[in-house]
Amino acid sequence: MQSGRILSNDLLISGALTAAYYIPDFITADEESYLLRKASIHESPKQKWKTLANRRLQLWGGEILRKNILFREEMPRFLTPYPDIVGRLKGTKAFESSPHGEPNHIILNEYLAGQGIMPHEDGPSYYPVVATLSLGSHAVFHYYSYSKSEDGSMQVGSPRPSSGRTINPAPVLSVFLEPRSVIITTGDMYTSHLHGIDEVTDDNFMGNGRLRCQAGKEVMVSNWQAVRAEGMRDVLHFGGTLARKTRFSLTCRDVEKAAAPLKGQALRTSSRG
């Protein structure tokens, strides 16, 4: 089993305003195959999935109820001791200052080719650090900022009706996520920015890390020189198209408020193992 790699400047993504870290090969190919098998419909009970408009998901570690409090469950048995995803993330020291010192909540997302997620924030329930492990396929992760008026105040209007603030459509940072990689978002990139994944079936690269996005606009993939997967690396360097496949992601966070089990009562056991 690999140990968690401690975050350092060599993992810091160029262009990140404060702290976003990219770790390729966070798990091995065998560990990825194991997790994909456990996450698949063949070994994961259908009733555990929640179907949304653009993806399916499962909640591991419990559910967040009223007042942003986590009603705790044990993590699925297949996450520990092999592969020890939580322990490995703890070893990066990304969660060193969080209330529990490690992730206590994981969302398993399933994205089919052509599915993504609109720019969003993770909300107030979590300590401001998130680690996302990609399985099965690549994706491109975009970070966005809110638009500002000339006097520096936030503009009012769509497309984010819940807050009345306008999102600048040009990403401030774009990151290529290889299968088996982890991206860890902290600091200002977590608290003051949004992140999302375009709903596309293919990613078209123009060479030297340039990605042609929707509506023909180009963005620079900040970590293109850190990509290791041979076929993917060549496309980012020289240009070409990468087709998306079904991708699973493990979104790992620390819910700051977690309900302790009642006296004499153990954590509720998850049947997802």
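The questions below concern a predicted model, and they take up its sheet, helices, strands, loops and cavity in turn.

Q: Which strands stand at the edges of the open sheet of 7 strands?
A: The sheet is open and pairs its strands in the antiparallel sense, in the order β1-β11-β8-β17-β6-β3-β2. A strand at an edge has a single partner strand, so one side of it is left without a neighbour in the sheet. The strands that answer to this description are β1 (19-23) and β2 (50-51).

Q: Why do the buried residues of α4 lie on the same side of the helix, and how many degrees does their arc cover?
A: In α4, which spans residues 230-238, the buried residues are Met-232, Val-235 and Leu-236. An α-helix has 3.6 residues a turn, so residues three or four places apart point the same way.

Q: Which exposed residues does α4 carry on the face turned away from its buried side?
A: The buried residues of α4 pack against β10 (173-177), β13 (202-207) and β16 (240-243). The face turned away from that buried side carries exposed residues, namely Glu-230 and Phe-238.

Q: What arc do the buried residues of α1 cover around the axis?
A: Helix α1, residues 29-39, has Glu-31, Glu-32, Tyr-34, Leu-35, Lys-38 and Ala-39 as buried residues. What covers them includes α2 (85-91), β6 (105-111), β8 and β17. Their placement on the same side of α1 follows from the arc they cover, which is only 160 degrees.

Q: How many residues of β10 are buried?
A: In a regular strand the side chains alternate between the two faces of the sheet. On one side of β10, Leu-173, Val-175 and Leu-177 are buried, and on the other Ser-174 and Phe-176 are buried as well, which leaves both faces covered. The strand is accordingly described as mostly covered, and the number of its buried residues is 5 of 5.

Q: Is Ser-145 buried or exposed?
A: Ser-145 is found in the loop between β9 and β10. Leaving aside neighbours within four places in sequence, Ser-145 is in contact with Ile-167, Asn-168, Val-172, His-193 and Leu-194. The cut-off for a buried residue is under 20% relative accessible area, and because the value for Ser-145 is 16%, this residue is buried.

Q: What is the omega of the cis peptide bond that joins Tyr-82 and Pro-83?
A: Pro-83 lies in the loop between β5 (69-72) and α2. The peptide bond that joins Tyr-82 to Pro-83 is cis, with an omega of about -15 degrees.

Q: How many nonpolar, polar and charged residues does the lining of the largest cavity have?
A: The structure holds 1 cavity of 30 Å³ or more, and the largest cavity has a volume of about 60 Å³. Among the residues that line this cavity are Tyr-111, Gln-115, His-138, Ile-197, Arg-244 and Lys-245. By class, the lining has 6 nonpolar, 3 polar and 3 charged residues.

Key. Residues numbered from 1 in each chain as written. Predicted model: local features only at pLDDT ≥ 70, side-chain atom pairs only at ≥ 80, totals over all residues. Heavy atoms only, no water. Buried < 20%, exposed > 50% of the residue type's maximum accessible area, 1.4 Å probe, protein only. Helix = DSSP H or I, 4+ residues; strand = E, 2+ residues; numbered from the N terminus. Contact = heavy atoms within 4.5 Å. 1 Å grid on protein atoms, 1.4 Å probe; cavity = no way out; pocket = protein on both sides within 12 Å on 5 of 7 lines; lining within 4 Å. Points joined across faces, edges and corners; volume = space filled by probe spheres on them. Nonpolar A, V, L, I, M, F, W, Y, C, P; charged D, E, K, R; others polar. Pairing = 2+ DSSP bridges. Arc of directions from axis to C-beta.
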